[in-house]
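Here's a quick tour of some packing details in one protein chain. Have the structure open and follow along.

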Amino acid sequence: MSANLLLIDDEVALRQLLARILSLEGFQVREVGTAKEAMRWLEQEEFPVILCDVKLPDAHGVTFVSDLKKRQPTAEIILLTAYGNIADGVQAIKNGAYDYLVKGDDNERIIPLVNRALEQAQLRQRIQKLEKAVGNKYDFDSILGAARPLRETIELARRVAPTDATVLLTGETGTGKEVFAQAIHQASARREHSFVAVNCSAIGKDILESELFGHRAGSFTGATKDKKGLFEEAHGGTLFLDEIGEMPTDLQAKMLRVLETGEFLKVGDTRPTRANVRIIAATNRHLPDEIQVGHFREDLYYRLSVFAIRLPALRERREDIPLLAAHFVRFFCEKINRRDPLPLQPEFLDALKNYAWKGNIRELRNVLERATILAGDQLSPDLLPFDVLHPHPEMAPSGLFDLDILEKQAIQRALSFTKGNKTEAARLLGIGVTTLYRKLGE
C-alpha cells in the first residue's frame, strides 16, 4: 500500500498498537500526540488519510476536523473515540470527517475503512489535478498570440470575467469563442461549478427547449421521466450558448425571461424553476442585421450584449501565425508518435501568412494536421492544399498580386516539386537555368 498516514492520539500505548497494525498492512504511519504537532507535520508532508482522536490535550477532534481539512482539503479524516456519541459523530461528518469509530468496538472495521478512505482521497487528488489541468488549459495565459488586436481582446475578457455580467462573444467562425468562454469561466468566482456548452444550431427546434429547460414526465411522446435541463446542470456555474443567432424566435422569448428573472418553465410544467447561471453567448452572425430582418429579438440582443467582445480574425493578426503553426505541429507530432517536432520551412510559413484563413484558427489547425500526417522530415509548401497555395482573389490579402511575390512563389513551388532540381524547375517555369540562378540570387 505504502501510503502516508497521520495518526493523532495522545494515548501512547493505543497509538503505537494501532500504528503497528497499520504498518503491517503496508502503510507508512507518522505518529503525533497533539494537534499542534499534527499541524506542523501537515506543513511538511501530504497525508491522504488522517486518523485523529476526539480528545486531544490541545484540541477537540470534532472541531479540529475543519482545521485539518483547510490545511489538506483532499485528505480523508477518520475520528477515533473511546466513547461513542451520536451528536459528536454527526457533527464530525458535517465538519468534513470521512467516518467516526469507537475504539475497541470497531477494531475489525479499521483496516477496511482506512483502505476505502485512501481510495476516496486518491480519487479527490486525481479530480483536483484534472481540474487544475483543465483550468490551466483554458486560462487566458494559454491563449496563444501577441498581436495587439488579440491582447486587447484578452484584456477586455479579463476585466469582465470576475463579474456576473452576461457576455456576448462575436466574430467569424473558428476564432476561438468557446476557448474565450472557458477562460472567462475559469477566471470567475464560478470556476468551481460547471461550465456547460450547447450549440444552438446543432439541436433541432423541438428538442432545444427541452435540452435547455428540461421537461416533466409525460409532457410529450417519449418523455417517460423527468429530465433536468442544461440550465439546472449549470446551476452556480456558466452556460455557454454557442451560435445564439440560430436560436428559434419563439424560444428567444423564453430565453429573455430567464435572463430577466432567473426563472424558466420546464416543458410540461406549470411552476417555474430557478437557476443561478451566468450566460455567455456567441455568434458569427451580425445580430443587428438579423434584428432588421426579424430573425432575432431586439430586446434579447440588448440583454445579451451587456458586455460584447469581438474576437479578431486570424488575418488581422498574421504575426501570430508562426507561433500557432509551431504549437499545432508539436501537438500533432505527439499525436502521431513522432519523436521530434517537424521543422517548418520559411516558404511554408510564408504561404500560411499569405492566406486569408476564412475559417480562422480552426481552418489553420486542420491544414496543419493534414500537413503533419503527410510530411517526411520537414514541412514544405507542397504539403499545403491547393487553395492555400493559390488563394481565390476574394480571399487575397494585400500584396498578393505583386509580381515579385507571385514570381517568388512560383519558383518556390517549382523547386519544391522537383525536390531542388534547378534544371527541371527551370524547364517547368519555362525559363533558362541561368535566368533561374539569377532570380534566386535576387
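This is a predicted model: local features need pLDDT of at least 70, side-chain atom pairs count only at pLDDT 80 or more; totals for chains, interfaces and linings use all residues.

On one side, Ala35, Ala38, Met39 and Leu42 in α2 meet Phe64, Asp67, Leu68 and Arg71 in α3. By class, the residues of this contact of α2 with α3 split into six nonpolar, no polar and two charged. As for geometry, the axes of α2 (residues 35-42) and α3 (residues 61-71) come within 10 Å and cross at roughly 10°. That angle is under 35 degrees, so α2 counts as roughly parallel to α3.

Now for the rings. How many aromatic pairs are there? The count comes to seven aromatic pairs. Take phenylalanine 213 and phenylalanine 264: their ring centres are 5.5 Å apart and their planes sit at 25°, which is under 30 degrees, so this pair is stacked. Phenylalanine 213 and phenylalanine 264 are both buried. Ring pairs also bring in Phe231, giving a cluster of Phe213, Phe231 and Phe264.

Arginine 30 lies over the face of tryptophan 41, 3.7 Å from the ring centre.

Here are the two ring arrangements side by side:

| Residues | Arrangement | Distance |
|---|---|---|
| phenylalanine 213 and phenylalanine 264 | stacked rings | 5.5 Å between ring centres |
| arginine 30 and tryptophan 41 | arginine over the ring face | 3.7 Å from the ring centre |

Which residues of α8 are buried? They are Leu208, Ser210, Leu212 and Phe213. What do these buried residues pack against? Their partners are β9 (195-199), β10 (214-215), α9 (230-233), β12 (238-242), α10 (249-261) and β13. Just after α8, glycine 214 takes a positive phi of about 85°.

Is glutamate 76 buried or exposed? Its relative accessibility is 2%, below the 20% cut-off, so glutamate 76 counts as buried. Glutamate 76 is found in strand β6 (residues 76-81). Setting aside neighbours within four places in sequence, glutamate 76 is in contact with Pro48, Val49, Ile50, Lys69, Tyr98, Ala117, Gln120, Ala121 and Arg124. Among those contacts, Lys69 and Arg124 are charged residues.

Key
Residues are numbered from 1 along each chain as its sequence is written. Side-chain values use heavy atoms; hydrogens and water are left out. Axes are lines fitted to C-alpha atoms, for helices over the stretch in contact, and angles run from 0 to 180 degrees between N-to-C directions. Helices (H or I, at least four residues) and strands (E, at least two) are DSSP runs, numbered from the N terminus. Angles under 35 degrees count as roughly parallel, over 145 as roughly antiparallel, 65 to 115 as roughly perpendicular and the rest as oblique. Contact means heavy atoms within 4.5 Å. Rings of Phe, Tyr and Trp (its six-membered ring) pair if their centres lie within 6.5 Å; planes under 30 degrees apart count as stacked, over 60 as edge-to-face and the rest as tilted. Buried means under 20% relative accessible area, exposed over 50%, partly exposed in between (1.4 Å probe, protein chains only). A charge sits over a ring if NZ of Lys or CZ of Arg is within 6 Å of the ring centre and within 35 degrees of the ring normal.
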